[in-house]
Amino acid sequence: MDLVALPADAAARIRFLHQATCGVSVEDAEAIFALKNNWRNRWLNQQFAMPKSFNHFQTALRFRNNIENFSDEDYLGGTEYYHPGGANILTVMSVWKSMIEAPDQLRQRVTAALLEIFVINQQAASIGAGNNTAYSSAYVDRIETHAFGNFRELLESVSTSPIMGAFLTYAGNEKAEYDEEGNEIRVPDENYAREIMQLFTIGLHELKLDGTLKLNENGDPVETYSQNDVVNLARVFTGWDYPRKGSQQEYGVQDMVFFPQRHSPESKQFLGHVIPPNTDGVTSLKQALDVLFNHPNTAPFICKQLIQRLVTSNPTPNYVAAVASKFEDNGAGVRGDMQAVIRQILTHGEARSRAQTLKADLSGGKLREPMLRLTAIARLYRARARSADFYPLGKHPASAQALAQAPLLSPSVFNFFRPGFAPTGSGIRENDYVAPEFQIAKGMAIPAGISFTVFAAGSLLNYLQCNLADFYELADQPGALCAMLSLLLTADGIEAVDLDRMADAISNITQINNQNTYRRWRTIAVIRLITSHPAFLIQN
Amino acid sequence: MKTSHQSTRREFLKLMGKASLFGAAAPLATSLLTSSAMASTYGFNDYRALVCIFLYGGNDCHNTIIPVDQQRYDTYAKLRRAAAVPYGDLAGTYIDRTGGWGNGQQMALHPNLSQFKGLFDRGDLGVVMNVGTLKQPTSRDNYSRGRSLPPNLFSHNDQFTYWQSMQSGEGGSGWGGRLVELMDSLESKEQLLSMVTTGGQSTFSEGNRLSSALVSPSGPVGVRAFNPRANPLEMVWDHLKQPSPNLLSRELARQTELAYETRELLEKNLEGTQASLLSPVGDPEVVGSQLHAQLNMVARLLQGRASHGLNRQVFFCSLGGFDTHGGLMDVHPQLLKIVADAMTKFQDAVDDLGLGDNVVTFTASDFGRSLTSNGRGSDHGWGGHHFVMGKPVLPQAVAGVAPSFAINGPDDAGFGRLIPAVSVDQYAATLATWMGVSAVDLPLVSPNLEAFDQWNLELLG
């Protein structure tokens, strides 16, 4: 890539890719530079048209069939970090691989965001390693399939997935049982009914379209649902169970199976809606999902979180309202059009420029999620697996430990960080803003995470096939090397004075014994310096 | 008594709420620690420390403490099949608890825990039987009806998170973090060392204000050194600490300052301490373990504690590998050997430092495991048995009751997974009481405690 012939808006284009992908390579840069006017929409159109490139179900299965051929030493980080051991559930490995290798990057980035809303763990329940692998990898495929489709279908796919039934305990859930006097002996498990409202659709408090709280006459927030709503909705999620017919290869990708005799015949009254008694389970489910989908909270609740994952932790109410409006109506009368929502998020004025995202009160941007720091480096390296049977990130928690984050390994259904988190004692909190990612990246977690990326910047080269040729070519001109890497990693976010310091520092790395390895060491040194710089740690 | 502690509680709750008590103009480094409305009502003159050893994966409780009365051993052996510990191997490790086990029962430690027998007999080790995550006392009946249970009972992540926090949902703080925040006034920067983690970041160590100090077996976690010729480490720290108008960058810089200060305090803490405080004698495969290395680091930090002068500290260590779906006959016994050896040697080191009365070490895990086995491994369980170690332990103390070992019996959650009789809340409250937390404040550490009658298990004096 020719640094001299860069388009005038090169940094803006790379910055867009930081919002829309898991990391930028020279190839990615060249491709977006080649687009002419209206390049944002053109790029989005290309991405929306790309077929789903990955099959997580097949990939995880392949990993599982071959895992005995690999040991702790084959993982990035080796045995340096603690290892919880245990069953081989290799969906995490598959997701790292797709975030780093897949060409349909927008789908990967959006899927990563959706997996932090529709959270599961790769080991959801005690159903055996094989079932956990099959169902969890199939789940990621479900999310990827619907990421560019309709939210209503996404919600139904999630709700009928066996891994969700396992994780939120409604697989095997049965209708209530009463004694002769009509006293409850057993009631349906309420877990999914509660979480589908609290986390997947409407949230805890009523919102306006712009994402701000609706207040009652006392100035207090209004709760969206009551315990009674939960109890009633729980009746909907009865009668479903794991598909088990045939081989794991066959049932792993199937929806949960419905058993009418276990479904609640009672009426289900929730959120002002009534599903009459004796409504069958499939119809009940569809109606319940329709109610949640159509609830006025769903658009702002979901859209604000998607903005927070892609662009900025503190979008203005205008920004949220603009995106939520697209959710409610994509312009052609359709509700829940994910493409319209994603397009609005990434092309809205507030996303377009650093200054606009940052805002006048300087509250903009977001702390880059730790796992996306690693994918940024790996994608910069154009990293590819050495074997189709294995990926050196994933089961081993090195990546989870030091980064405090890895796909599908969050501590609970509440993700790694809450959307409303703000560090105590910070100017962020003082001004009523939020910075969710700080929840796992504050205090000494900062040097811990940086240590890992410093380590990985060198070590990735030993575990994956990487291509740094474009950078080695520039290594004899430290200034140019720093500029190029700053462009790709921070969209020119680093000030000249810091870049000069970096260039000076690496000039001390010189050729030894006529070997050209100094080029590699210069390149890696710059990448280590840049990925520990605030301009990289904060995406803006 | 009530008045002052109620005000403590109110202040504490206020701190946990939305209102910030720190001005935007507070100086960078110490703004976390600015003296506030939360002046601690706890003033201590003595030193006490808790050391948590978290066994990640779910330690197999049924091969850790084993019934040796004939009837129950037979049930155990039948269900455990090839993975049962041979009867003859248990002769030397009977747990002779005060007053006996009752009901004709007798329990023994796994033979690889023989060092624990020594500690138990001399009164420096106690046992907590069948402890696990509970929101309220739970019978088999409650369990089968799904009444008020902790979330996602057999899921690793949810369970170890719950063991460490006793909260679900918006929580985010661990009981270790809450404990230190309750007792420390957080007025001096030294209090950044109140919570120290050697075993990797965890929910346990996170407070609402305080982040844990992080240390690896080789020293404080810092930015890993790279390329001596470029010598860029100072540059990295400078970049991170540089002031910037953007709110998020400012916070990153502030957090970096805190990390930097914590790191410096840790370095000072380690200055002059002996590199190796745990006896190196023994099988290299055992003494070279992660746990030995972590406990050695804790011992060093204890040795150097004059550098900070804190009166209360909590340490978090961890060891992985306990998710024995297979390996119950080889991997698990080796892990038990490591745990017993590391803990025993740590106690020796603590005693040599003259801190025998001041340090209590305890184990914890995601869950116990199923009793039934395919002969090679066991499945995720619920209640498990744990150990509390230190001179403050009451002689031959055993809290809780031995499981009934009856399939479909009153403590069976299916497949011999134990319904806990003791909750993590009670376990934590017992340890917090020893640390000096008053009864009124205990629910701040253990949020579900009010559902239980016994807030202080008879373990520590």
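Two residues are in contact when heavy atoms of theirs lie within 4.5 Å. Keep that in mind for what follows. The model is predicted.

Start where the chains meet. By the contact rule, 73 residues of chain B touch 84 residues of chain A. The size of an interface is often given as the accessible area lost when the parts come together. Here, the area buried between chain B and chain A is about 6,200 Å². Carbon and sulfur atoms give 57% of that area.

Now look at the polar side of this meeting. Two salt bridges are counted between chain B and chain A. Lys442(A) forms a salt bridge with Glu206(B), and their closest N and O atoms are 2.6 Å apart. There are also 19 residue pairs in polar contact between chain B and chain A, both residues being at pLDDT 80 or more. Several elements of chain B each supply at least two residues to the side that touches chain A. They are helix H4 (140-145), helix H5 (156-165), strand S6 (213-216), helix H7 (233-241) and helix H8 (247-270). H8(B) gives the most, with 12 residues.

Next, move to helix H1 of chain A, residues 10-20. Nine of its 11 residues are buried, so the helix is largely enclosed by the rest of the structure. The cut-off for buried is under 20% relative accessible area. Ala10(A) is buried, and so is the run Arg13(A), Ile14(A), Arg15(A), Phe16(A), Leu17(A), His18(A), Gln19(A) and Ala20(A). An α-helix has 3.6 residues a turn, so residues three or four places apart point the same way.

Aromatic rings come next. A pair of aromatic rings is described by the distance of the centres and the angle of the planes. Over all chains, the whole structure holds 32 aromatic pairs. Take Tyr170(A) and Tyr192(A). Their rings are stacked, 4.3 Å centre to centre, with 25 degrees between the planes. Tyr170(A) lies in the loop between helix H9 (162-167) and strand S1 (177-178) of chain A, while Tyr192(A) lies in helix H10 (residues 191-198) of chain A, so the pair ties together parts that are 22 residues apart in sequence. Both Tyr170(A) and Tyr192(A) are buried.

Phe54(B) sits in strand S1 (residues 48-55) of chain B and Phe316(B) in strand S8 (residues 312-319) of chain B, so the pair ties together parts that are 262 residues apart in sequence. Phe54(B) and Phe316(B) are both buried.

Lys241(B) lies over the face of Tyr260(B), 3.5 Å from the ring centre. Arg305(B) lies over the face of Tyr47(B), 4.4 Å from the ring centre.

Finish with two asparagines of chain A. Asn415(A) has a phi near 65 degrees, a positive value in a residue other than glycine. Asn415(A) is in the loop between helix H20 (398-403) and helix H21 (427-430) of chain A. With a relative accessible area of 7%, Asn415(A) is buried. Asn513(A) also has a positive phi, near 50 degrees. The loop between helix H25 (496-507) and helix H26 (517-530) of chain A holds Asn513(A). Is Asn513(A) buried or exposed? At 65% relative accessibility, Asn513(A) counts as exposed.

Methods: Residues numbered from 1 in each chain as written. Chains lettered and ligands numbered in written order. Predicted model: local features only at pLDDT ≥ 70, side-chain atom pairs only at ≥ 80, totals over all residues. Heavy atoms only, no water. Buried < 20%, exposed > 50% of the residue type's maximum accessible area, 1.4 Å probe, protein only. Helix = DSSP H or I, 4+ residues; strand = E, 2+ residues; numbered from the N terminus. Phe/Tyr/Trp six-rings, centres within 6.5 Å; stacked < 30°, edge-to-face > 60°. Lys NZ or Arg CZ within 6 Å of the ring centre and 35° of its normal. Buried area = accessible area lost by both parts, 1.4 Å probe. Salt bridge = Lys/Arg side-chain N within 4 Å of Asp/Glu carboxyl O. Polar contact = N/O pair within 3.5 Å; in protein donor to acceptor, adjacent residues only side chain to side chain.
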